Amino acid sequence: MEFWVNQAFNGVSYAALLFLLGGGLTLIFGVMKVVNIAHGSFYLVGGYLGVALVAATGNFYVALLASALVVALGGAVLERVFLRAVEGDDLRQMLLTMGIALFVQDACLLVWGGDPFNLRGPAYFSQSVKVAGFTFPILRLFMIGSAGVLFAVLWWFQERTRAGAMVRAAVDNAEMTEALGINVPILRMAVFALGALLAGFAGVVGSAFMGIYPGLDFEILPYAFVVVIVGGMGSLGGALAAALVLGLLDNFGKALFPEISYFTLFAPMGIVLAFRPTGLFGRA
Amino acid sequence: MDVAATGAPMRLVAGLGIVLAGIAVLPPVLPSYVVILMTEGLIYAIAAASLDLLLGFTGLPSLGHSAFFAVGAYTTAILVTYHQASFAVALVASIALAAAVSGGLAILVLRATGIYFMMITLAVALCAWGLAYRWVSLTGGDTGIVGVPRPRVPGIGLAAGTLPFYYAVLALFAICLALYLLLIWSPFGKTLVGIRDSESRMRVLGYNVYLHKYLALVIAGAFAGVAGSLYAYYNGFVGPNTVDLAHSMQFVLMVIVGGPGTLVGPLIGAFVITFLEKMVSVFTERWVMVLAAAYVVTALWAPRGMLGLLRATR
């Protein structure tokens, strides 16, 4: 019993990280139709900035917010300066984001070197609470809580606000949205920045959870893509559902069949794609 | 086949023949470092050309080409180091397995089109990396498979040094190139171009579009298997970096730098990128940034490649 509860809890907390990571990518993909290879770079920069800012300010929450905002700003600049120049050409966008990802990877190596870092969160992150005989680490609770709050805010934004309605309109038909007098270029920039913000946030939380090191950007990218592919591009609810399924599968996979744990992550993707090429909640 | 009917292909064949003769005659007088680079360039040229069959000629922007390259490389490395397989056996097995894997995955990836196709083939590349990294009992995980010896062919001492191996690669490259040209100029190749330009038109005309795309993926996978097999021999080591994202994207970059949908573009692109990477890494540690700049410049200013630029300025 304890094994199952613990593993399920670990799976859900891992899913929270996966959602933060994949949620931003699914927004970017849904609105902009960009295969954003630089998404892992946002995570990496967020993580490194988080480590540096925690060391400088001593406050985890200040570092978390500041890092996420800086990454969001960087995303906005990237979109405005580079991506807009190649709008509408999938392959060029992909090449461009690949170049940016390589550049960021090397720049991080230059600035922070090759050693791994661990982000030191508040002291209570290493403690845990006991509920009904089960122990729950506070760091993992924080991951679940922040992902839950962000999902709720984003969902409310997308479904209940005027700006959210514009985003949904742009996902469905960008040309028609533009014709209605909505400034789609600004919308795209904002969505790209929001996606970057989520990835930067995930980077800070993730480096408190499992550290940060060179090459991590390309290592976590598959997870972001799997969340988007299984959940369906552009669907936040889909990303959450996919993150939960994958987080649980991955955790139980690792605990029960360590050698082939990678399959437990990618097999669902293959199965989903075989039946629904646009993902569980995706619309063609 | 109407190759002889138009003048251009014959001129192209003559031109390629001259270039091939050049790169066959020159190496003995070149520094061995350059010969090693040329060997690598030829191997990547096979892979890039096969990717262009998809990307440039069929309009299938596959980002997962390194997966089939890696199948070839790992097959050869495993067969040669653990089972002492001969050159011929390793090569044929690599081709067959890469084509088979490509055929299996094609069923999955062909369900998607356009940007979804890119996304899914990218996921294929990432999964292949994951397998190479995690399936330790087969692939050696992070350590990879080390100590792949140069091939031994009776009568020719391929193990003897850089030159004999270079000629072996060159011979295989020439064979691949000939097959590739025949393929592109065949009715099959023309149909692929038709599918790229208008899938619905080809469907209305009665072509089996799915089958053509499927075969294109299998053939490209087989060629990537050849390149992968040679790479294992060339490098002597096969690890997860053979199949990582950067490697997969590099094939795409090679095709686009040279010029997608042109016959010689990918070959030029493969040489340019190989030489750029290796030459720059001699001068500066920051060669990754130079490679990154190559991506950005290509994306922003040369989406039709060097041959495309050449045509535009004429």
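Predicted model: local features only at pLDDT ≥ 70, side-chain atom pairs only at ≥ 80, totals over all residues.

Leaving aside neighbours within four places in sequence, Ser207(A) is in contact with Tyr43(A), Gly47(A), Asn118(A), Leu119(A) and Ile212(A). Ser207(A) belongs to helix α8 of chain A, which runs over residues 184-210. Its relative accessibility is 1%, and Ser207(A) therefore counts as buried, the limit for that class being under 20%.

From this helix the account turns to the loop between α1 (2-32) and α2 (39-57) of chain A, where Lys33(A) is placed. Lys33(A) is not a glycine, yet its phi is positive, at about 55°. With a relative accessibility of 29%, Lys33(A) counts as partly exposed. A positive phi, near 50°, is also found in Gln84(B), again a residue other than glycine. Gln84(B) sits in the loop between α3 (65-83) and α4 (87-109) of chain B. The relative accessible area of Gln84(B) is 63%, so this residue is exposed.

The loop between α1 and α2 of chain A also holds Val35(A). Val35(A) has a relative accessible area of 1% and is therefore buried. Which residues surround it? Apart from neighbours within four places in sequence, Val35(A) is in contact with Phe29(A), Met94(A), Thr97(A) and Phe225(A), and with Ile115(B), Met118(B), Met119(B) and Leu122(B). Phe19(A) stands 16 residues from Val35(A) in sequence and 18 Å from it in space, C-alpha to C-alpha.

Val35(A) is also one of the residues with the most contacts inside the largest nonpolar core, a set of 193 residues. Helix α2 of chain B (residues 32-58) supplies the largest share of the core, 16 residues. In soluble globular proteins, nonpolar side chains tend to be buried together. Leu122(B), seen above as a partner of Val35(A), touches Ile37(A) and Phe225(A) as well as Val35(A). Within chain B, Leu122(B) touches Leu63(B), Leu245(B) and Met249(B), residues up to four places away in sequence not being counted.

These contacts lead to the interface as a whole. In chain A, 45 residues are in contact with 39 residues of chain B. The two chains, A and B, bury about 3,900 Å² between them, and 80% of this area is on carbon and sulfur atoms. Across the interface of chain A and chain B there are three residue pairs in polar contact, with both residues at pLDDT 80 or more. Three elements of chain A give two or more residues to the side that touches chain B: α4 (90-112), α9 (216-231) and α11 (261-275). The largest share of that side, 15 residues, comes from α4(A). How many salt bridges are counted between chain A and chain B? The count is one. Asp106(A) forms a salt bridge with Arg286(B), and their closest N and O atoms are 2.9 Å apart.

Over all chains, the count comes to seven salt bridges. In chain A, the side chains of Arg84(A) and Glu79(A) meet in one of them, at 3.4 Å from N to O. Arg84(A), at 24% relative accessibility, counts as partly exposed, whereas Glu79(A), at 1%, counts as buried. In chain B, Asp197(B) and Arg196(B) are joined at 3.1 Å, N to O; Arg196(B) is partly exposed, with a relative accessible area of 34%.

A further pair in chain B is that of Arg203(B) and Glu199(B), whose closest N and O atoms are 2.9 Å apart. Both residues lie in helix α9 of chain B (residues 199-204), four residues apart, about one turn of the helix. An α-helix has 3.6 residues a turn, so residues three or four places apart point the same way. Arg203(B) is partly exposed, with a relative accessible area of 48%, and Glu199(B), at 26% relative accessibility, counts as partly exposed too. Salt bridges that share partners join Glu199(B), Arg203(B) and Lys213(B) into one network.

Definitions and conventions:
Residues numbered from 1 in each chain as written. Chains lettered and ligands numbered in written order. Heavy atoms only, no water. Core = buried A, V, L, I, M, F, W, Y, C linked by side-chain atoms within 4.5 Å. Buried < 20%, exposed > 50% of the residue type's maximum accessible area, 1.4 Å probe, protein only. Contact = heavy atoms within 4.5 Å. Buried area = accessible area lost by both parts, 1.4 Å probe. Salt bridge = Lys/Arg side-chain N within 4 Å of Asp/Glu carboxyl O. Polar contact = N/O pair within 3.5 Å; in protein donor to acceptor, adjacent residues only side chain to side chain.
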